[in-house]
Amino acid sequence: MTTPQLTWSSERTLRIAFAENADETVHRTVRAAYESLRASQLPAILDLTPAYDTLQVTIDPLAHDPTALERSIASLLSEAVAPDHPIPPARTVTIPVCYDPEFGPDLESVGAHNNLSIEQVVSRHTSAEYSVHFLGFSPGFAYLGGLARELWTPRLDTPRTRIPAGSVGIAGSQTGIYPQSTPGGWRLIGRTPLVLFDPMRDPPALLSVGDTVRFQAISRDEYESHRNERRRTT
Amino acid sequence: MTHLRIVEPGMLTTVQDLGRIGHSAIGVTTAGAADPLSLRIGNRLLGNDDHDAALEITLIGGHFIPDADTIVCLTGADTTGSSIGDGETRRDLPAWTPMPVRAGESIRIGHCTTGTRAYLCIAGGIRTPPALGSRSTHIPSGIGGHEGRALKPGDTLPIGEQASHHIYSKPSQATIERIRAIHARRSLRITHGAHTLRFARDQLDRFEQSVYTMTEQSDRMGIRFRGTAITPPGDGHLRSEATTIGAIQVPHAGQPIVLFVDRPTTGGYPIIACIIAADLPALAQCRPQDELRFQFITRHHAVALLKEQEQIFDDLPRPTPIPTASETSR
């Protein structure tokens, strides 16, 4: 592992860059750095934003000397990025997905693009393990790594104006779940009855950085009963 | 509980405090007052906490009625014809000045004449339920404020109780002039951003030497400029990484976009520079068609300028309690 590079991306944000690629090694390092700085509880740190191969630290430059803080962070990092440094074990989250054509209007085009039947698309999607590289863009949206090469499909040429919350999609080499109902250009292959994000829940986001995710196919009936159960409990 | 009724909200009025800090790792952005300086000044003059929530009013004011006696303070953009009361008791509501309002009286805010955002601060703050530690409204995700949305006619918001028996004062004219000068600045200071050194030297020079016009396609998420196109490094796409308030991104088309308070937590366009914290209040008060320049300074200078700006708070008068016979110290 090369030494992380620390540069200031404003007078209140320190940018930590790791190696220039997003393989699982760099993901592990970003996560180790994130967990280590989080556990440090340095009062100067207001926020930590992990991504593929960077970690941003937001500070209050009036309350704490930025130069001294940069030194403390660099020294914490030098231990955290060592390959033998322990990190919390990955939690496995199983996400039930109904791959009904109504929820997955692009199942067919994803299959056609890759010469697979719909059943094969579903079995490839449910047989892999994905890791949550980071959450970003919108509340609870997880960037997942690990999509099988034979499912890679380009985005739609024209994005849909409304995608229902819980939709599971594919865009290029990425797969993910829309936590909120938004416009979007991902190819939709199914929908989960789970709520990915609820600001009044603790924790608000279903997924967190470093989780391992598995998708489990459920029937339309199971999807509906899951939804009904949710209605009864909320 | 005391309430504020929204008779007419204006064009875009939301509940904002100093933002939802510390949740970017789950994709939750800060939101918060676009001009935190004006919000904090209003709160200080009322004896509130800096973090108390107020109404952020965009360009066009509205009509609000509290159901109990309170004190309000209007800050931020200059407005025209703002007033308290109805009929014969109607009186001016000057900016930067704590003003008493009686239960049932109208608070009317006019149009912004200079600047874009006015803040109606109220004693005790607006007390909508906090979400993730903040009352700030983030409309794109429907989080915070009043039902996660812009206010509508007929909404009622819980507000804090007025601290009784205080004398409230306004800042000195010199302090008000100083705040106005901060808002009027159109040559914004920038520091290096996440990818500054990946841009070609001549593109950085070109950026610093050009004048950019703010466009109508600007909101709390991003402020878009039109001017000399800048060539971004590579193909204009990078791996997604953290964003910052004031970061200036240059997509493939070459026209800069400043990421603002409602921005997504991560983005994938090259960042040429970042506007310094001390100049963000000016950015918040810019209007479409305003012409801006960007000027690089060092990070240390940026911190020094922020420190200097904070001195405004040392000069602000605070409410002073009037002890009464029936009241013990509070």
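## Two domains in chain B

Into which domains is chain B divided? In this predicted model, the division gives domain 1, covering 2-171, and domain 2, covering 185-297. Taken over C-alpha atoms, the centres of these two domains of chain B are separated by 29 Å. Where they touch, domain 1 of chain B contributes 26 residues to the contact and domain 2 of chain B contributes 15.

## The buried area

The size of an interface is often given as the accessible area lost when the parts come together. Between domain 1 and domain 2 of chain B, about 1400 Å² is buried, and carbon and sulfur atoms give 46% of that area. On the domain 1 side, Thr29(B), Ala34(B) and Arg117(B) stand out: they supply 29% of the area that domain 1 of chain B buries against domain 2 of chain B, more than any other three residues.

## Polar links across the interface

The interface of the two domains of chain B holds 1 salt bridge. As for salt bridges between side chains, Arg220(B) and Glu56(B) meet in one, with an N to O distance of 2.9 Å. Counting residues at pLDDT 80 or more, 16 residue pairs are in polar contact between domain 1 and domain 2 of chain B.

## The face of domain 1

Which elements give two or more residues to the side of domain 1 of chain B that touches domain 2 of chain B? They are helix 1 (36-45), strand 5 (70-79) and strand 10 (112-122) of chain B. Strand 10 of chain B provides the largest share of this side, 6 residues.

Technical notes. Residues are numbered from 1 along each chain as its sequence is written. Chains are lettered from A and ligands numbered from 1 in the order in which they are written. This is a predicted model: local features need pLDDT of at least 70, side-chain atom pairs count only at pLDDT 80 or more; totals for chains, interfaces and linings use all residues. Side-chain values use heavy atoms; hydrogens and water are left out. Domain bounds come from an automatic or database domain assignment. Contact means heavy atoms within 4.5 Å. Buried area is the accessible area (1.4 Å probe) that two parts lose on being put together, summed over both. A salt bridge is a side-chain nitrogen of Lys or Arg within 4 Å of a carboxyl oxygen of Asp or Glu. A polar contact is a pair of N or O atoms within 3.5 Å; within protein, one must be able to donate a hydrogen and the other to accept it, and residues adjacent in sequence count only if both atoms are side-chain atoms. Helices (H or I, at least four residues) and strands (E, at least two) are DSSP runs, numbered from the N terminus.
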